[in-house]
Structure formats: C-alpha cells, structure tokens
Amino acid sequence: MNFLDLPPELSDPERSGVMILPLPLDLTVSWKSGTAGGPAAILEASSHIEHYDDEVLGKPASTIGGIATHAIPELPGEPAAAMESIEALASGLLRRERTLISLGGEHSVTWPLVKAHHEEWPDLSVLQIDAHADLRDTYKGSPFNHACPMRRIMELGVHVTAVGIRSVDESEAPLLDGELRTTFLAHERTGSVEERTAGIISAIPGDDVYLTIDLDGLDSSLVPAVGTPVPGGLEWYETLSLLRALCREKRVVGADVVELCPGEGLHGSDSVAARLVFKLIAYLGINRGK
Ligand SMILES: [Mn+2]
C-alpha cells in the first residue's frame, strides 16, 4: 500500500521528493486506544483522493518529484526501545532533498522524530497543532507517554510554537509561554484567518521547521476518530491557510500527522487525515526549490 496508490515511477524511494513513514505506535494512549491502525487507515483513505489538486492547479505527486511510502515497520513493544527504534529509522531516511512525513500512531513518535531532524537541522523549531499542550514531565509513570513529547522536545532546546491548545494540566500552565515556547490558546483566537495565520508564522523562529499535527488539534466535529477528542479546534480552511503560509514562508524539513484512531463508521476522519497530508505535499511542491 503506498500513499495515493501511485504507480512505481511516482513512488520510487530513490527519487521521490517526499517519503511517507508509517509508525503504528500505540503504547501509552490514555483514553481510547487504536492509533496503531492510523497509518494503514490514512494510506487506504489516500487511495480515494484525486491526484489533481484544484487549488494548486497541478498534481502534487508529480510536482514534488514523487511520493514514496516506506513499509509499515515492526516497532518494539517497550517504550524506550520504541523511541530509539523510531529515531534510528528516521535518521536513516533523512535526505536534504526529500521531506519525511510520518504517520502515527500516537503522539509519542514526535520526540524521536524531532531528535533525528534536529541532528540534521540544528536550528530547527517546531510548529505543533494540537488540542493538548503535551508538556507533562511524565504521565502514567512514563516520560514517553503521548502527553509528554513537547516536554522532551523542550529539553532538547528546540523552540515550539503551539496552535489550537485547549486542554492544559495545571502543571503545564507555567510552561505554555517562555523562551522555548509560544502558545496560541484556542479560546484566545481573534481576527480573520489571514491575521491569525500571519501572527502564528511570525512567532516561529528561524527558517527550518518541523511540523507536528495531532489530529485532535482540529475540531472534534471534523476529526472525531482520535483518541482524545476536544471541541473548539481548528477548522479545515483555517488549517490549510496555516499550512500553505508555513510552506511559503519557512522550510518545512519534516512533518508528522498523528493520533488517528480509526473506528467503525468514522472513515471521514481517515479522509481528513489523508487529505491533510495531500495538501501539505501540494504546498511543499509549489514552494520546493525557491
Ligand atoms: Mn498531542
């Protein structure tokens, strides 16, 4: 199964401008489990997307030079070993001329992914779309829980700009804004989509950006099939506006889309996740090489 069900000439791992890495990690999810099925559901949903995009007026898979899909890996069942395995896997796949887009799996995958990208791009900063701050030191006894990845990233000295946040623990509140973090709380949204987008982009330091999209950052009516749905999130075109501006103004060196928890009768969520990846590739394609 490859993303968009592309023919071999458009999914060759040696030449493609994008590599899709499925990471079916589901170790620590706190409410509804099932994120292990996320990557396969996104790949399946992607086979129903038209290859032409009516916004960028072209075929993103061709514009980007091909989209390769890595085989779904077997990940260790022990959290620390799983983190090491993901970091090693990602490090081996990083290329300057190719963007790695990982599919979760739970949000825990983001820490080892950011570690791998940070080695290659030392000035990296992160844009986090999420309902939750994910800044807990530990959760349920684990530093690798999906409630903790942004805390681990902060410890790497990497700046995170967070958008859509509307579920915060008291222990996380003092960490929301500081030298290494800027948080746009969902309830504080003001102004037009364009103004909000510009405000977020201008808060991101540097040029090299890793984008992490926890699907619960989007509104729960749009993506109900997530482990921990929260109302009041980003709308579809607001999200696309942000992704498009990000690809135009910054260099997106890596990305992930995580926390899809596919369920019976909820395949609309799989479609949202797949189309989000498709749109991201479309925006990367029109800005590549500039
Ligand atoms: Mn998250």
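Colleague: How many salt bridges does the structure hold?

Modeller: First, the ground rules: this is a predicted model, where local features need pLDDT of at least 70, side-chain atom pairs count only at pLDDT 80 or more, and totals for chains, interfaces and linings use all residues. Residues are numbered from 1 along each chain as its sequence is written, and side-chain values use heavy atoms, with hydrogens and water left out. A salt bridge here is a side-chain nitrogen of Lys or Arg within 4 Å of a carboxyl oxygen of Asp or Glu. The structure's total is 14.

Colleague: Which residue forms a salt bridge with aspartate 12?

Modeller: Side chains of opposite charge can pair when their charged atoms come close. Here the closest N and O atoms are 3.1 Å apart. The partner is arginine 15.

Colleague: Is arginine 15 buried or exposed?

Modeller: Its relative accessibility is 56%.

Colleague: How many residues apart are glutamate 50 and arginine 275?

Modeller: Glutamate 50 and arginine 275 form a salt bridge, with the closest N and O atoms 3.9 Å apart. The pair links distant parts of the chain: glutamate 50 sits in the loop between α1 (38–46) and α2 (60–63), and arginine 275 in helix α8 (residues 267–287). Helices are DSSP runs of H or I, at least four residues, numbered from the N terminus. The separation is 225 residues.

Colleague: Where is the glutamate that pairs with lysine 279?

Modeller: Lysine 279 forms a salt bridge with glutamate 55, the closest N and O atoms being 2.8 Å apart. This pair also links distant parts of the chain, 224 residues apart, with lysine 279 in helix α8. Glutamate 55 lies in the loop between α1 and α2.

Colleague: Is lysine 279 buried or exposed?

Modeller: Glutamate 55 is partly exposed, at 30% relative accessible area. Lysine 279 has 11%. That is under the 20% cut-off, so lysine 279 is buried.

Colleague: Which residues are linked in a network with Lys279?

Modeller: The links are salt bridges. Glu55 pairs with Lys279 directly. The network joins Lys279 to Asp53, Glu55 and Arg244.

Colleague: What is the radius of gyration of the protein?

Modeller: The value is taken over C-alpha atoms, and the globule rule is 2.2 Å times the number of residues to the power 0.38. With 290 residues, a compact globule would come out near 19 Å. The protein agrees with that, at 17 Å.

Terms used:
Buried < 20%, exposed > 50% of the residue type's maximum accessible area, 1.4 Å probe, protein only. Helix = DSSP H or I, 4+ residues; strand = E, 2+ residues; numbered from the N terminus.
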